[in-house]
Amino acid sequence: MSGSHTDGGRHAVVVGAGIAGLAAAHRLLEHGARVTVLEASDRVGGKLLPGEIAGARVDLGAESLLARRPEAVGLARAVGLADRLQPPATASAALWTRGALRPMPKGHVMGVPGTAAALAGVLSDEGLARIGRDAELPPTEIGDDVAIGEHVAARFGREVVDRLVEPLLGGVYAGDAYRISMRSAVPQLFEAARAHATLTEAVRAVQARTAAAQQAGPVFTGVAGGVGTLPLAVADSLRSRGVRILTGAPVTELRREADDGWRLVAGGEVLHADAVVVAVPAPAAAHLLRAEAPDAAAELSAVEYASMALITLAYRRDEARLPEGSGFLVPPVEGRSIKASTFASRKWGWIAEENPDLAVVRTSVGRHGETEILHRDDDELVELSRHDLKAATGLDAAPVAARVTRWDDGLPQYPVGHHARVARVRAHLSGLSGLAVCGAAYDGVGVPACIASAYAAADQIQGDLRAVQQLTAHPVQSLHGGAGE
């Protein structure tokens with residue numbers, strides 16, 4: 001028996017050692033708890049995964065952090081990574097659309113423009129003219145939620161959605177803009193759209209508010225050595241402060257005890273805790289909560305996920321002539337195999353400095369409901385990526401190394417009504433003291449959103465509901481960190 005809640009000190013168990021679970025453990029330590037972290041897989045970090053190709057250190061999962069939220073940057077600094085935070089060396093991405101690589105437009109909110117001129121060159125003349133008719137349309141009743149693609153198409157025409165909103169949202173969620181919740185995915189625009197008669201006015205209101213905030217510095221940052229080193233650093237910090245982190249320890253049982261504590265079975269070990277934070281994907285959370293919170297489990301079982309794959313290619317630098325910029329996004333209407341590409345050694349200065357003779361390029365494939373391409377073997381995915389890279393950039397050299405990283409069911413989907421589902425989950429759990437949930441399935445899929453969710457869960461365990469109530473009402477927008485996220 002381990003970690004009895006009667007043996008001195010409040011004991012909290014975190015289920016899941018992705019960045020959300022590790023952040024929750026970090027926060028619980030600050031609250032003075034004794035903490036155990038249980039992870040089913042053989043490593044910590046979840047979708048933040050450091051790796052290498054041709055001897056070069058790279059990220060094989062998420063590669064950037066939203067720097068204009070405090071959570072991820074703050075956690076990185078707290079665990080000793082302050083001197084390794086680096087903004088992109090270039091942030092000028094492109095769109096591969098209408099037969100050419102075109103500069104990524106500015107003056108939009110997640111692809112929704114404040115003026116038609118902002119999308120000149122990306123849209124046809126007819127598409128640009130359609131944006132201008134927004135002012136002539138009667139106000140649209142949005143209600144409690146709406147699909148962002150549907151709303152934008154109704155106000156501005158489908159071309160805006162298909163050519164810009166879709167690739168940007170697809171880079172974040174690997175989803176379908178015509179299904180994705182505006183309230184959950186672009187909350188600032190949702191609130192503004194409810195308050196203004198036209199979508200143009202709503203976009204400009206968001207832009208004005210952003211300008212007034214006058215946030216300095218880069219929008220995104222990376223970590224020298226890879227964003228995947230962040231969870232490793234957090235785990236090292238936790239262990240140095242007495243936290244027990246068990247990998248290869250899937251939790252098979254979570255039950256309430258007579259004295260309001262919790263009993264967990266993990267890897268053949270029985271643990272007792274005063275509090276539990278469940279920081280695993282929705283299907284795993286549903287399985288764990290079925291016995292004690294069947295209504296919450298049913299809601300979580302309905303959360304859908306998208307799968308994707310990242311293809312990382314290494315070239316001799318003198319053979320890899322690439323366009324300027326950090327990479328490009330690909331609208332699905334183009335019918336290409338890849339949905340994005342990042343010129344990683346150009347985007348991240350630390351990769352270029354460590355590997356001056358190499359050029360590293362990432363591509364991504366796979367969207368929600370698009371499973372056929374992911375059934376192809378690794379060699380086929382590499383060849384599809386090379387084919388599209390050649391068509392987009394002219395790159396025809398043979399890579400010196402290639403690797404494929406598959407993220408099966410990696411990205412939760414936020415369809416219309418997602419915010420209401422999250423609120424119902426938390427309402428169903430509210431009667432179970434000492435239990436909270438967090439992670440990408442709730443309040444935002446980006447790293448800062450996952451950390452914010454984790455902190456709110458840890459605070460909730462302490463009886464402070466302010467942060468979780470704020471997140472439920474106002475999810476964290478997850479932006480696209482440049483091509484190929």
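Predicted model: local features only at pLDDT ≥ 70, side-chain atom pairs only at ≥ 80, totals over all residues.
Let us start with helix packing. Two packed helices are described by the angle between their axes and the distance between the axes. Take helix H1, residues 19-30, and helix H16, residues 447-461: they pack at an angle of about 40°, and their axes lie 8 Å apart. H1 is therefore oblique to H16, since angles under 35 degrees would count as roughly parallel. The crossing of this pair is right-handed. On the H1 side, the contact involves Ile19, Ala20, Ala23, Ala24, Arg27 and Leu28. Facing them from H16 are Val447, Cys450, Ile451, Ala454, Tyr455, Ala458, Asp459 and Ile461. Sorted by class, the contact of H1 with H16 holds twelve nonpolar residues, two charged ones and no polar ones.

A second pair to look at is H7, residues 187-195, with H8, residues 199-213. Their axes are also 8 Å apart, and the packing angle is about 125°. H7 passes H8 in a right-handed crossing. H7 contributes Gln188, Leu189, Ala192 and Ala193 to the contact, while H8 brings Leu199, Ala202, Val203, Val206 and Arg209. The residues of this contact divide into seven nonpolar, one polar and one charged.

Helix H10, residues 282-289, lets us look at burial around a helix axis. Its buried residues are Ala282, Ala285, Ala286, Leu288 and Leu289. Where do they sit around the axis of H10? They cover an arc of only 165°, which puts them on the same side of the helix.

Now turn to the loops and the backbone. Most residues other than glycine have a negative phi, and most peptide bonds are trans. Against that background, Ala54 is worth a look: its phi is positive, about 50°, although it is not a glycine. You will find Ala54 in the loop between strand E3 (50-53) and strand E4 (56-59). Its relative accessibility is 46%, so Ala54 counts as partly exposed. Ala174 likewise has a positive phi of about 50° without being a glycine. This residue belongs to the loop between helix H5 (158-173) and helix H6 (182-185). Is Ala174 buried or exposed? With a relative accessible area of 0%, Ala174 is buried.

Leu246 lies in strand E12, residues 244-246. At 21% relative accessibility Leu246 counts as partly exposed, because buried means under 20%. Apart from residues up to four places away in sequence, Leu246 touches Val37, Leu38, Glu39 and Glu269.

Ser364, in turn, has its place in strand E20, residues 358-365. Its relative accessibility is 1%, so Ser364 counts as buried. Which residues is Ser364 in contact with, leaving aside its neighbours within four places in sequence? They are Met308, Ala309 and Leu310, together with Ile338, Lys339 and Ala340.

Conventions
Residues numbered from 1 in each chain as written. Heavy atoms only, no water. Axes fitted to C-alpha atoms, helices over the stretch in contact; angles between N-to-C directions. Helix = DSSP H or I, 4+ residues; strand = E, 2+ residues; numbered from the N terminus. Left-handed = near helix turned anticlockwise from the far one by under 90°. Contact = heavy atoms within 4.5 Å. Nonpolar A, V, L, I, M, F, W, Y, C, P; charged D, E, K, R; others polar. Buried < 20%, exposed > 50% of the residue type's maximum accessible area, 1.4 Å probe, protein only. Arc of directions from axis to C-beta. Parallel < 35°, antiparallel > 145°, perpendicular 65-115°, else oblique.
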